[in-house]
Amino acid sequence: MEHSTATPQSENAPAEIDPHLINDDLAPAKSREWGFFSLFAMWMSDIHSIGGYTFAAGLFALGIGAAYVFTSLTVGIIVVFFLMNLVGFAGQKTGLCYPVLARITFGTVGSNLPALLRGFVAICWYGIQTWLASKAVIVLVAGIWPSILEMGQTRFLGESLLGWAAFLLMWSLQLLLLRNGMDTIRKFQDWAGPAVWVVMFILTIYILKLANWHISLDLATEPAEWGTLHAVLAAISLTVAYFSTLLLNFCDFSRFSPTRKAVWMANLWGLPVNFIAFSVVSVLVTAGSLQIYGEYVFDPIELVARIDHPVAIILGAVTFTVATLGINVVANFVSPAYDLANAWPSKITFVRGGFISACIALVITPWNLFNNPVIINVFLAALGAVLGPLFGIIIADYYILRREKVQVSELFKARGLHSFQNGWNLRAVWAFLISSIPSIVVAVAPYDVCRFLSPFSWFIGAALGFGVHLLMSRHDPHVIRAVERAEAIDLDADRDSVAR
């Protein structure tokens, strides 16, 4: 696919939509079936997970008590709520998925930079989460069938044959959700999130009963290294960073929502209300484990295994399987499917992109990634640190520079208003590089000052990306021309003309 370096064609000779830049999955959403409940259930699937459980209880490791932890979680999730609305509203208004929305800022070709970065992070964690869930299922099933641990111990590529079997089972189950694209995913999320919530509620009541309804919420493991204020601010920032991936691609889901109000209400109930409620459950169960076992059990899998009851173990295995499927689909599956489709729209659909992502997650043998501290602590941490700058740049461009005025049809034209230079907006690329370097250094460097600032790396990157992009692009003639054109037409009619 070739792109001209010439300026976009005049209004008297508009460019045609390029079939190499569009397919049915990347076009603006035509069906709007993700109403309030579907988006709310999606948030339940994302939050009701092993990671969500351990994250809330794990904040006590910062050296603060229950009151400070709950305050931090509340403030942090409220910040997430407002930031998520920005991404959600953009997706709902334009009907665009994340990689196509990124074309507004980075160009028709340049959008592959933020898209594939986000997609690669998701693929790595997709494989890792699938493997961790398969190990959890083995541990729980071994509680009923101990001899299973003696089977298939021959190792291949760093994992036992039993581990391979469990991993491939979880891997295959997730592929079933690809059958009808986003529609199958919506139907799965509609019951998966609530189902996990019900089981977690039962687990909470059971643990509290075993603890004779007497628990202590003082879970702090050691004094805060840099004082209480730093620990509280760090907990707030880490709460926001926990949602950093979906702060980029929540539009993949909100694009199917019928109204902005549905997005707002689903985010309100799914984020502040649901997240805080689930955090309370996580902390109560963790606190109850001390009363029962004499030590805090932060891992819900280990906790269920200790209950030593066949029904509890089976229910736990099913629950954690469903929970992993839920969060993996939301956070690590949908994004790379769209991101890869954006890289080669004429050949890769959403379903094919998802299948390619799953195959890559299999080939990289995620257990070897997870067991390598350099990869986990440096490589993936560095990739995660660039998500903040991407968020800041895209939000600054869409809301400040363009004031939500976007001619959607131009995003699918090789010589349109968003082709910039050979399909790349180099101003946005430079803003990304400039703002990413400090964010990455803060996230991975071993120095004390970086360790002090590392919990805030997402905010540092987002703020730098926001500010640098505004400074570099506030007088960009490409942006000014695109906004002027968008103000002169019916944007809803333009969007609908592309949907098919």
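Visitor: In this predicted model, where buried means under 20% relative accessible area, what is the relative accessible area of Cys97?
Guide: The cut-off for a buried residue is a relative accessible area under 20%. Cys97 counts as buried because its value falls under that limit, the relative accessible area being 0%.

Visitor: How many disulfides does a search of the whole structure find?
Guide: A disulfide is a covalent bond between the sulfur atoms of two cysteines, and the search counts a pair of cysteine sulfur atoms within 2.5 Å. For Cys97 the closest cysteine sulfur belongs to Cys251 and lies 7.1 Å away, which is too far for a bond. Cys359 is likewise in no disulfide, as the nearest cysteine sulfur, in Cys124, is 15 Å away. Over the whole structure, the number of disulfides found is zero.

Visitor: Is Cys359 buried or partly exposed?
Guide: Residues under 20% relative accessible area are buried and those over 50% are exposed, with partly exposed in between. Cys359 has a relative accessibility of 25%, and therefore counts as partly exposed.

Visitor: How are helix H7 and helix H15 oriented, roughly parallel or roughly antiparallel?
Guide: The axes of H7, residues 161-175, and H15, residues 350-363, come within 11 Å and cross at roughly 170°. Angles over 145 degrees count as roughly antiparallel, so the relation of H7 to H15 is roughly antiparallel.

Visitor: Which class of residues makes up the contact of H7 with H15?
Guide: On the H7 side the contact includes Trp164, Phe167 and Trp171, while H15 contributes residues including Phe355, Cys359 and Leu362. The contact has no polar and no charged residues, and its ten residues are nonpolar.

Methods:
Residues numbered from 1 in each chain as written. Predicted model: local features only at pLDDT ≥ 70, side-chain atom pairs only at ≥ 80, totals over all residues. Heavy atoms only, no water. Buried < 20%, exposed > 50% of the residue type's maximum accessible area, 1.4 Å probe, protein only. Axes fitted to C-alpha atoms, helices over the stretch in contact; angles between N-to-C directions. Helix = DSSP H or I, 4+ residues; strand = E, 2+ residues; numbered from the N terminus. Parallel < 35°, antiparallel > 145°, perpendicular 65-115°, else oblique. Contact = heavy atoms within 4.5 Å. Nonpolar A, V, L, I, M, F, W, Y, C, P; charged D, E, K, R; others polar.
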